[in-house]
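I am opening my notebook on a new model. I want to look up a few residues, one at a time.

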Amino acid sequence: AIGALTALRTAGYEVPVQVQVIGFDNNEEAPYLQIPLTTRIPALLDAPTAVDRILGRIDGSITKSELLTTESQVIARASTR
């Protein structure tokens, strides 16, 4: 998302007027960017769950798709309205 902010500004787009950008990992730089980045605080289980699912598909212990949901908190900053 940080790279997208830079690319959008370079291309002449106004953030968040024309395009809104949101990050997904609450990078510690997010609040200090020229346009502070809206982001979310991910649930602690996101990455370990994803890795377990991938490994399960590889080793054959998980054979069916399953919808998994998690809760997260959005931190609104200037990159969204």
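I began with Thr-63, which is exposed, at a relative accessible area of 62%. Exposed means over 50% relative accessible area, buried under 20%, and partly exposed in between (1.4 Å probe, protein chains only).

I noted the basis of my entries. This is a predicted model: local features need pLDDT of at least 70, side-chain atom pairs count only at pLDDT 80 or more, and totals for chains, interfaces and linings use all residues. Residues are numbered from 1 along each chain as its sequence is written, and side-chain values use heavy atoms, with hydrogens and water left out.

Next I placed Thr-63. It sits in the loop between α2 (46–59) and β2 (73–75). Helices (H or I, at least four residues) and strands (E, at least two) are DSSP runs, numbered from the N terminus. I also checked Thr-63 against Pro-16: they are 47 residues apart in sequence and 41 Å apart in space, C-alpha to C-alpha.

Then I turned to Ser-79. Is Ser-79 buried or exposed? Ser-79 is buried, with a relative accessible area of 0%. I found Ser-79 in the segment after β2.

What does the side chain of Ser-79 reach? It reaches the backbone nitrogen of Thr-38 at 2.7 Å. A polar atom of that Ser-79 side chain also lies 2.6 Å from the backbone oxygen of Val-21.

Technical notes
Polar contact = N/O pair within 3.5 Å; in protein donor to acceptor, adjacent residues only side chain to side chain.
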